[in-house]
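This report covers a charged surface patch and a sheet, with the pairing of its strands.

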Amino acid sequence: MATPYLLVYGTETVIPAEVEIPSLRIIKEAELSDAEWIRSRYEHIALIDEKRMNAVCHGQLYQNRMSRAFNKRVKPRQFAPGQLVLKRIFPHQDEAKGKFSPNWQGPYIVYRVLTGGELILTEMDGEVWPRPINSDAVNRYYV
């Protein structure tokens, strides 16, 4: 049982109130031994871990389903050195000058194909670009 208390700060008096902590009262009344307390706490933690693992597994299954659905529609694009391609003009580039400006520039020649779908391009005069470009930003150019 909680005991009422009275606090006095200087000249101010605080109204007495009862303070109870239900979890401590239950533990005191049940008089659990240390071994039982540890066992019940361990079971509670194990239950929380099990729920957490179920959530992780559910998230992984969902991601796998979504990737399978997405990959059904993906068509792989293969590029080989020597092919002609057009490079997309992105809105943040200087060449993008308005609504009626072209969306593609080029043609460029594929100089080298890197892993992960990156391409190193050369201009028609033979100048090699120092930075690779993602294959999503290029299209095949048919003469």
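With 53% relative accessibility, Arg-68 is classed as exposed, because the cut-off for that class is over 50%. The model is a predicted one. Arg-68 is part of helix H2, which covers residues 34–73. On the surface, Arg-65, Arg-68, Lys-72 and Arg-73 come together in a patch of positive charge.

The sheet is open and has five strands, ordered S6-S5-S4-S3-S7, with antiparallel pairing. Its edges are strand S6 (133–134) and strand S7 (138–140), each of which pairs on one side only.

Within this sheet, strand S4 (residues 104–113) pairs with strand S5 (residues 118–122) in the antiparallel sense, over four bridges. The hairpin of S4 and S5 has four residues between the strands, and Gly-116 in this hairpin takes a positive phi near 85 degrees. S5 is also joined to S6 by two bridges, and these two strands run antiparallel.

| Residue | Partner |
|---|---|
| Val-110 | Leu-121 in S5 |
| Leu-119 | Ile-133 in S6 |

How many of the five residues of S5 are buried? Four of them are, so S5 is largely enclosed by the rest of the structure. A residue counts as buried here when its relative accessible area is under 20%.

Conventions
Residues numbered from 1 in each chain as written. Predicted model: local features only at pLDDT ≥ 70, side-chain atom pairs only at ≥ 80, totals over all residues. Heavy atoms only, no water. Patch = residues over 30% accessible without salt bridge, like charges linked within 9 Å, V, L, I, M, F, W, Y side chains within 5 Å. Areas by Shrake-Rupley, 256 points an atom, 1.4 Å probe, with all protein chains shown as cover. Salt bridge = Lys/Arg side-chain N within 4 Å of Asp/Glu carboxyl O. Lys, Arg positive; Asp, Glu negative; His and termini not counted. Charge placed at Lys NZ, Arg CZ, Asp CG, Glu CD. Buried < 20%, exposed > 50% of the residue type's maximum accessible area, 1.4 Å probe, protein only. Pairing = 2+ DSSP bridges.
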